[in-house]
Structure formats: C-alpha cells, structure tokens
Amino acid sequence: MKNKYPKPKSLTLAQQRIGVSSHFPGFRYGGSHKIGIWVGSLNPGNECETYQVKIEYKPGSRPRITVLSPKLRKRDDQARIPHVYFGDHPCVYFPRTGEWHPGKLISATIIPWLSLWLYFYEVWLVTGKWFGGGIEHGEGEKT
C-alpha cells in the first residue's frame, strides 16, 4: 500500500539561504554549496542577554546549533543544562516528532525556536526550573 502522505520535499540550500536572509538580515552566511552556515545575534527578550549563535545545515540533515557567546553555563545546583545535546548544543525540538524536517524553512522554525529556547534558558538560570516544555533526553545524545 502506497503511503497517502508523501514525504515532504526537502528545500535546497539556496531556498534556506533566501529564507534566513529575508527574515533575519543580520545573520551572515558563510557556507559552501554543500553546507550552510549562518552566524547572527538573537535577543530573546528585553531583560535578556544578546546571544551570538551559529547554525550549520547540511541539506537533508538536522541543523546543528551552537551558542558562541556568551557561553552556556550550568547552575551551581544542577549537574547539567537542560535540553541540550552532547557539547551543549541546544535541543529546540524533538526529532522523532516530525516537528521539523528538511522541507521546512530554518528561518520559520529553527531560529524562532532557538530564541524561545534562549529565553527559557535564562529563566532556568534564575529559577532552576525549565518552563520550556519538551522531552528531556540523555546527556550523551548527539546532534
């Protein structure tokens, strides 16, 4: 039996690049024809830090997010930062749910989700509680 819901078509790197540059003009592109790399600043709220972030994307795979500065830090009373992959790469969605796939724009999903993640990270730094929801996963999971 043929699947009545076909797999969404992946967007090209050029389409992703146009999406990011049109929605986030402050993000700089520095990739190649095989991998896209965007670096830009996000400020998740009025009283929040401004974060320098990097998003690496190889078409057909999951974007890899890195917070360049300020560096993510643990609370003294907690062993680890919640909702990060190994190497402290923010986990902005749970891959097995299908929330994101290569047919979706990074500019409409990953970057706004990262801004929300940074907001909840700052709340966690103050309160010690993660209010951002999501599914907690093991510290050793890779991006």
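The buried residues of α1 (13-23) pack against β1 (28-29), β2 (36-42), β3 (51-57) and α2 in this predicted model, where helices (H or I, at least four residues) and strands (E, at least two) are DSSP runs numbered from the N terminus. Buried in α1 are Leu-13, Gln-16, Gly-19 and Val-20, the term denoting under 20% relative accessible area, with exposed meaning over 50% and partly exposed the range in between (1.4 Å probe, protein chains only). These residues cover an arc of only 125° around the axis, the arc being that of the directions from the helix axis to the C-beta atoms, which puts them on the same side of α1.

The loop between α1 and β1 contains Phe-24, which, leaving aside its neighbours within four places in sequence, is in contact (heavy atoms within 4.5 Å) with Ser-107, Ile-111 and Pro-112.

Aromatic rings of Phe, Tyr and Trp (its six-membered ring) were paired if their centres lie within 6.5 Å, with planes under 30 degrees apart counted as stacked, over 60 as edge-to-face and the rest as tilted; the count by this rule comes to 11 pairs. The rings of Trp-117 and Trp-130 have centres 5.6 Å apart and planes at 50°, so this pair is tilted. Because Trp-117 lies in helix α2 (residues 110-127) and Trp-130 in the segment after α2, the pair ties together parts 13 residues apart in sequence.

Residues are numbered from 1 along each chain as its sequence is written, and side-chain values use heavy atoms, with hydrogens and water left out. As the model is predicted, local features need pLDDT of at least 70 and side-chain atom pairs count only at pLDDT 80 or more, whereas totals for chains, interfaces and linings use all residues.
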